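Take a moment to look at the model before reading on. The paragraphs below start with a few terms and then walk through each chain.

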Amino acid sequence: MEGAFLESNPENKGNIKKIKESVNRFLQQLLEKKVVEWVLTPYINPENPLPERRIITKPEEAIKADPLTPVIPGFPMSTFVSEITREKPISKPLAVLLKPCEAASLVELVKFRQANLDNLLTIGVDCYGSYHVLDFKKMVEEGEKPFERMINALKNNKGDELFRTACKTCLKPVAENTDLNVGIIGVNNLFIQANTSKGTETLKKIGLKIVENKERDQKIKELIEERGEKRKGMFKEFLKELHGLHKLNKFFEDCINCHNCMEVCPICFCKECFFESELHPYVYEKYIKFTIEEGTIQELEGKLQFHLGRLIHMSTSCVSCGLCEQACPQEIKLFKLCGPVSENVQKSFNYRAGEKLEETPPITTFYEEDLGLTEKQAE
Amino acid sequence: MAEKSVEEGKEKFEPVIVGFFCRWCTSEAADLAGTIRLQYPPNIRPIRVMCSGFIDPIYVLKAFLEGADGVLIGGCHLGECHYINGNYKAQTRVKVIKEVMKSLGLEEERLRLEWISTSEGLKFAEVANEFTEQIRRMGPNPLKKLKRE
């Protein structure tokens, strides 16, 4: 792959502070050279432990940008991009910094016409893993530095027990479909990878020397292979844990129907959701009817209906970001459900969410051939 | 909801099957089957919809969760939809539902999609007989059990 090294001074090799500084200098250059006018990035708020999302316009503000921080605070960045560009393309050139899963969900949103990539410079940020928001907060409050911890785990190539389940099984440590990638995996210094002609042009405008880097490709491939095997084993376990209605019912035992998983899901963009409509809740008549017919009924809260229904609706486009699990106030391990199931669904359609911008999602594609669901008539 | 007929002191399982039938084809085929006096079991509770593409997965799921033993979806043959491509949509949706049910061990055989056109009264009767027999062999929907425990 093509790209450019940002830090050529060998003294800074692997210096954590320098990595952050290099990214910030890169963003600063983007603004200074007028490649973009605005940058949407995670931003350090000195008052809070979690970074906030902010659009910055002045080069000097870039010092406080923190795109590499290993946490997704609440909503994914793709939701913000969708909010900004859904109605019409943004008028000023904007650079967005996205984690790989956020970039993948942005691709899905573009396919569903919920976001527009015109005038947008997408910059993917390599992600070796991220922490649960609460773990992250706790770490910061206790004085530990999550970013350093993540970088150390990356250097030793050991992973981290505290990473979210979605991150432990993630097969997308490097964003696809972005113009540029901020590379930290498989390189000692910060490497800006150009994926598109727009990306290459940007690097040239800033005045960086473009080089080939095959070592990084190899290392990324190794990481994905290693994770893939782990993922297979874990997903098998997860599905075993959820096999059958009894186990599913137990899994959702303490769900409080808050719909947080739906709110944060980048794919759940419908303005009018069935589960928030009048049709979803059970009404008085149903309780009476069922009780008379069955003699006894369990509480009809529609939890299973909500979770399975939502799963069927979004599984073809699920990007396995695991934010549903992070958002659950009852700490239900939702990724165990949507991770493996959506993988199976996408495999059956020979589709991978967020992979190719040109592909259309299975639910909007019409298959000329019979999908093998009905018996073929002998003619 | 379950209908039970007492036969020589022994309870025989009568499945409840919810049918979503397209107004332009399968519903008419059901009519035709009746007109030409073909026998098919009364276990199917037909719901007439304007197009098989109208059926959101939620309604299939709702039928199962509220105690249906099987769901039969009937639509026009591919390329013969009254609304251009409704049956293609139904096909894709059913495939997603089946894949999710299979992954979670929820007996995806309880859901069946068939293309039955207006003139295929015979096929309708055959499918109805066969599907009812299949569900009878499979036994009651596990969710029903869950409700009673």
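Two strands count as paired if DSSP finds at least two bridges between them. Helices (H or I, at least four residues) and strands (E, at least two) are DSSP runs, numbered from the N terminus. Strands of a sheet pair through backbone hydrogen bonds, either parallel or antiparallel. This is a predicted model, in which local features need pLDDT of at least 70, side-chain atom pairs count only at pLDDT 80 or more, and totals for chains, interfaces and linings use all residues. Residues are numbered from 1 along each chain as its sequence is written, while chains are lettered from A and ligands numbered from 1 in the order in which they are written.

Start with the sheet of chain B. It is an open sheet of four strands in the order 4-3-5-6, with parallel pairing. Strand 4 (44-49) and strand 6 of chain B are the edge strands, and each pairs on one side only. From one strand to the next, the twist averages 20°. Angles here run from 0 to 180 degrees between N-to-C directions, and axes are lines fitted to C-alpha atoms, for helices over the stretch in contact. Now pick out one pair. Strand 5 (residues 70-75) of chain B joins strand 6 of chain B in the parallel sense over five bridges. One bridge links B:Gly74 to its partner B:Glu114 in strand 6 of chain B.

Two residues are in contact if their C-beta atoms, placed from the backbone, lie within 7 Å. Helix 1 (residues 26-35) of chain B touches strand 3 (17-22), strand 4 and strand 5 of chain B. Its direction makes about 110° with that of strand 3 of chain B. Helix 3 of chain B touches strand 5 and strand 6 of chain B, and its direction makes about 160° with that of strand 6 of chain B.

Step back to the whole of chain B. There are five helices and six strands in chain B. Along the sequence they follow the pattern β-β-β-α-β-α-β-α-β-α-α. A residue is buried if 20 or more other C-beta atoms lie within 10 Å of its own, exposed if 12 or fewer, and partly exposed in between, with C-beta atoms placed from the backbone. Of the 149 residues in chain B, 50% are buried. Among contacts in chain B between residues at least 6 apart in sequence, 76% join residues at least 24 apart.

Move on to chain A. Chain A has 14 helices and eight strands. Its C-alpha atoms fill a box of roughly 80 × 60 × 40 Å along the principal axes. Buried residues make up 39% of its 379 residues. The mean pLDDT of chain A is 88, and 95% of its residues reach 70 or more; pLDDT is the predictor's confidence in each residue, from 0 to 100. Among the elements of chain A, strand 1 (residues 2-5) has the lowest mean pLDDT (79), and helix 3 (residues 100-111) has the highest (95).

Chain A has an open sheet too. Eight strands run in the order 3-2-4-5-6-7-1-8, with mixed pairing. Why is one side of strand 3 and of strand 8 of chain A left without a neighbour in the sheet? Strand 3 (52-56) and strand 8 (211-212) of chain A stand at the edges, because each has a single partner strand. Strand 2 (residues 38-43) of chain A pairs with strand 3 of chain A in the antiparallel sense over five bridges. There, A:Val39 has A:Ile56 as its bridge partner. Helix 2 (residues 77-85) of chain A packs on the sheet and touches strand 2, strand 3, strand 4 (94-98) and strand 5 (120-125) of chain A. Helix 7 (residues 197-206) of chain A lies across strand 1, strand 5, strand 6 (180-183) and strand 7 (191-194) of chain A, at about 135° to strand 7.

Next, find A:Cys261, in helix 10 (residues 260-264) of chain A. Is A:Cys261 buried or exposed? A:Cys261 is buried, because 22 other C-beta atoms lie within 10 Å. Leaving aside neighbours within four places in sequence, A:Cys261 is in contact with A:Cys324, A:Ala327, A:Cys328 and A:Leu334.

Finally, see where the chains meet. The contact takes 36 residues from chain A and 29 residues from chain B. On the side of chain B that touches chain A, helix 3 of chain B gives the most, with ten residues.
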